[in-house]
Amino acid sequence: MPTLRLIFGDQLSHDISALDDVSAGDVVVLAETIAETTHVKHHQQKLVLFLSAMRHFASELEDAGHRVRYFALDGATAAASHDAAIATCLEENECDRIVTTWPGDWRVLEMVRRWERDFDLPVEIREDSRFLCQRATFEAWADGRKDFLLEDFYRFMRKRTGMLMNDQGKPVSGQWNYDKDNRKAPAGELDLPAPYRARNDDLTRDVIALVKDRFADHPGDAEDFDWAVTREQAKRALDRFVDVHLPHFGDYQDAMLKGETFMHHSILSPYLNIGLLSPREACDAALQAFEAGKAPINAVEGFIRQVLGWREYIHGLYWHCMPDYAEKNALAAREDMPALYWTADTDMACMRDAVTNLKQHAYAHHIQRLMVLGLFAQLFGIDPRQFNAWHMSMYIDSVDWVSLPNAQGMSQFADGGIVGTKPYCASGAYIDRMSNYCGQCRFKPKQASGEKACPFTTLYWDFLARHQETLANNHRMGFQMKNLARKSKDDMDAIRQQADTLRKELARDD
C-alpha cells in the first residue's frame with residue numbers, strides 16, 4: 001500500500017526528509033489551506049511567495065515522476081485545513097501510513113500529533129535535516145546550562161562544522177567575532193546596487209491575481225511582488241548577494257538610510273525558511289568568496305554568524321522552550337499595537353520609512369526590525385503577543401519558529417532574558433548615530449520632553465523608570481540605570497506626562 005507523504009509550505013526542498021525512501025506509488029500531498037492563509041492576516045506578498053513557490057515545487061515533483069496531490073485555494077477541491085486535505089486523500093487512496101517532516105510551528109505540530117488518532121494510521125514525523133544543528137544536538141548542548149548564550153552556541157557550531165576554523169581548531173583570523181566591525185554608520189550616500197529581483201511567470205501572475213482577489217483586506221499589495229519562487233531563482237539571488245553585496249555587508253550591517261530597504265543585506269531569509277536554499281550552501285558560498293579573496297573577514301564572519309549562529313540558535317531555542325515560551329510576558333506589557341504599524345502614518349521619520357518598507361516589500365532588514373520597529377514597541381509597552389502576531393503577518397520570511405523568539409525574546413524581552421541577556425532599549429540617539437533619519441525628522445533625538453521631543457527618547461526614559469526595579473538587578477543595564485538616577489524629579493515628571501500623552505495619542509483606532 002502507498003504512503004501518504006505531506007509536505008508543508010515551508011518545506012519546499014527536494015531532499016526534504018518526508019521524501020526519503022519515496023516510492024512510485026506514494027502520494028505526495030501539498031495543500032494551500034484556508035486555515036494557514038488566514039490564521040494571521042499575512043502580507044499579500046508573503047502569501048504569493050508561499051503559494052507560488054508551492055505550485056512551482058509541486059510541478060517540479062511531477063516532472064520528477066512523483067505522484068502529487070495538490071490542493072489549490074482556487075481549485076475544484078480546496079481544503080479548509082491540512083486535516084481536511086489528508087481526509088480527502090485517504091478517501092481517494094488506500095494508504096498504510098502518513099509521513100511528514102517536523103513542522104516549523106508548535107500549533108502545526110500539535111495538529112500532526114492528532115493524525116494517528118484521527119485517521120487510525122501510523123504517523124511518522126521525521127527530523128528536518130535542513131538545519132545544521134538538529135534538535136537532539138541542541139538539547140545536548142543546552143543540557144545543564146543556566147544561560148543559553150548565543151556566543152557559546154556559535155563557537156560550538158563553528159567547531160562542529162569547521163566553518164572559518166583552521167587545522168588547529170582555532171578561528172582562521174585569530175578572532176571569533178567581528179561584531180564591533182559591523183557597526184559603521186553611513187556617511188552620506190552609499191553605492192547600493194539593487195539586489196536580485198525575480199521576473200514573474202504566468203503561474204506567479206495567476207497567484208498574484210488570486211491573492212489580490214481573495215485576500216484584498218490583507219496588508220501590502222501583491223501586484224508589486226518580485227521575490228524568487230523557485231530554487232533556480234533563489235540560487236541566482238544567492239549569487240547576486242555574494243558577488244555584489246557581501247564585500248560591503250560587514251561594514252554597514254547595522255546602518256540605515258531613508259528609502260534604502262535592502263542596503264547590502266542578503267535578503268535570503270525567505271528562501272532559507274521555505275526550503276529553496278539550504279543554510280549549508282549559503283554559508284559555503286560566503287566561505288568560498290572569503291577563500292578567494294573576494295570578501296573581507298568581517299563581512300563573511302558576520303554572515304556566517306547570522307546563519308550558522310543566530311538562525312540555528314533561534315530554531316533550537318524555540319523547540320527547547322515551547323509551548324510555554326509563547327505566553328511569556330516578563331515586562332507585563334499590555335498596550336495595543338498603534339495603527340501606525342500598518343499605515344506608516346506618523347511624523348517619526350524612522351518609523352515611517354520602516355513601515356513603508358514593510359508595506360511595499362514585506363521586508364525590513366534586521367536593524368530596522370530590532371532597533372526601530374521592535375524598539376518602539378518595547379518602549380511603548382505593546383503586548384508581546386500582539387507584536388508577534390503583527391510580525392508574523394507583515395514579514396515575508398516569518399515562520400513561527402523564527403518569528404516568536406525574535407519578536408518576543410530578542411526584540412521585546414518578554415522572555416525575561418532567555419534569548420537576550422538584557423532589553424535592547426535605546427533612545428533616539430542610537431537611531432541618529434546609525435541612520436540619516438533624524439536630520440529629516442521634526443523630532444529631536446536629544447530631547448525627552450517638549451514639543452520637539454523624540455518619542456523614542458521620551459519612551460526610553462519612561463521605560464527605564466517603569467521597570468527600574470526589574471532592570472536594577474541586570475548587570476548589563478548598570479550604565480543606563482546610573483544615567484536614569486541623574487535625572488531630576490521635574491525632568492522625570494515631564495517625561496512621564498509626555499509618555500502618557502503619547503500613548504493616548506497613538507492608541508489604535510479600530
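Guide: Let's start at Pro323, which sits in the loop between α11 and α12 (340-343). Helices here are DSSP runs of H or I with at least four residues, numbered from the N terminus. A word on the basis: this is a predicted model, in which local features need pLDDT of at least 70 and side-chain atom pairs count only at pLDDT 80 or more, while totals for chains, interfaces and linings use all residues. Residues are numbered from 1 along each chain as its sequence is written, and side-chain values use heavy atoms, leaving out hydrogens and water.

The bond joining Met322 to Pro323 is a cis peptide bond, with omega about 5 degrees. Ala332 also belongs to the loop between α11 and α12. Its phi is positive, near 50 degrees, although Ala332 is not a glycine. As background, most peptide bonds are trans, and most residues other than glycine have a negative phi. Ala332 is partly exposed, at 46% relative accessible area; with a 1.4 Å probe and protein chains only, buried means under 20%, exposed over 50%, and partly exposed in between.

Now to helix α11 itself. Its axis and that of helix α5 (residues 135-142) come within 9 Å and cross at roughly 80 degrees, the axes being lines fitted to C-alpha atoms over the stretch in contact, with angles from 0 to 180 degrees between N-to-C directions. Because of that angle, α5 is roughly perpendicular to α11, a label covering 65 to 115 degrees. On the α5 side, Arg135, Phe138, Glu139 and Ala142 make the contact, meeting Tyr313, His315, Gly316, Leu317, Trp319 and His320 of α11; contact means heavy atoms within 4.5 Å. Sorted by type, these residues are five nonpolar, three polar and two charged. Ala, Val, Leu, Ile, Met, Phe, Trp, Tyr, Cys and Pro count as nonpolar, Asp, Glu, Lys and Arg as charged, and the others, Gly among them, as polar.

There is also the interior to consider. A nonpolar core is a set of buried Ala, Val, Leu, Ile, Met, Phe, Trp, Tyr and Cys residues joined through side-chain atoms within 4.5 Å. The largest one has 156 residues, and those touching the most other members include Leu30, Tyr341 and Phe456. Helix α11 (residues 297-321) contributes the most to this core, with 14 residues.

Key: Helix = DSSP H or I, 4+ residues; strand = E, 2+ residues; numbered from the N terminus. Parallel < 35°, antiparallel > 145°, perpendicular 65-115°, else oblique.
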